[in-house]
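Subject: Structure handover

Hi,

Here is the structure for you to look at. My notes on it follow below.

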Amino acid sequence: MVQAAAKRAEELRREINTHNHSYYVLDDSTISDSEYDHLLQELRNLESEFPKLLTPDSPTQRLG
């Protein structure tokens, strides 16, 4: 269970970072705000359920 959660958290971080780059750097939104919020909430839930998955560079730790 923890390994699956860790893998999913990494996938979510990578996907969210890709969308952030597209939006903020390329000025090209690739998903809707609600889809983005869903990904971010899923990551928050995983990090809450498995605190060891929380990393300082996680998109959930950014202010903005």
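First, a term: helices are DSSP runs of H or I with at least four residues, strands are E runs of at least two, and both are numbered from the N terminus. This is a predicted model, in which local features need pLDDT of at least 70, side-chain atom pairs count only at pLDDT 80 or more, and totals for chains, interfaces and linings use all residues. Residues are numbered from 1 along each chain as its sequence is written, and side-chain values use heavy atoms, with hydrogens and water left out.

**Helix packing**

α1 and α2 pack at about 145°, and their axes lie 10 Å apart. Axes here are lines fitted to C-alpha atoms, for helices over the stretch in contact, and angles run from 0 to 180 degrees between N-to-C directions. The crossing of α1 past α2 is left-handed. That term means the near helix is turned anticlockwise from the far one by less than a right angle; clockwise would be right-handed. On the α1 side, the contact includes Leu 12, Ile 16, His 19 and Asn 20. On the α2 side, Tyr 36, Leu 39, Leu 40 and Leu 43 are among the residues involved. Contact means heavy atoms within 4.5 Å. By class, the residues of this contact are nine nonpolar, two polar and five charged. Ala, Val, Leu, Ile, Met, Phe, Trp, Tyr, Cys and Pro count as nonpolar, Asp, Glu, Lys and Arg as charged, and the others, Gly among them, as polar.

Asn 20 sits in helix α1. Its relative accessibility is 14%, so Asn 20 counts as buried. The cut-offs are under 20% relative accessible area for buried, over 50% for exposed, and partly exposed in between (1.4 Å probe, protein chains only). Leaving aside neighbours within four places in sequence, Asn 20 contacts Val 25, Tyr 36 and Arg 62.

Tyr 36 belongs to helix α2. Tyr 36 is partly exposed, because its relative accessibility is 21%. Not counting residues up to four places away in sequence, Tyr 36 touches Ile 16, His 19, Asn 20 and Ile 31. Tyr 36 and Arg 62 are 26 residues apart in sequence, and their C-alpha atoms are 15 Å apart in space.

Asp 27 lies in the loop between α1 (2-25) and α2 (33-49). Asp 27 is not a glycine, yet its phi is positive, at about 55°. Its relative accessibility is 71%, so Asp 27 counts as exposed. Ser 22, in helix α1, has a relative accessible area of 10% and is therefore buried. Leaving aside neighbours within four places in sequence, Ser 22 is in contact with Asp 27, Asp 28 and Thr 30.

Best wishes
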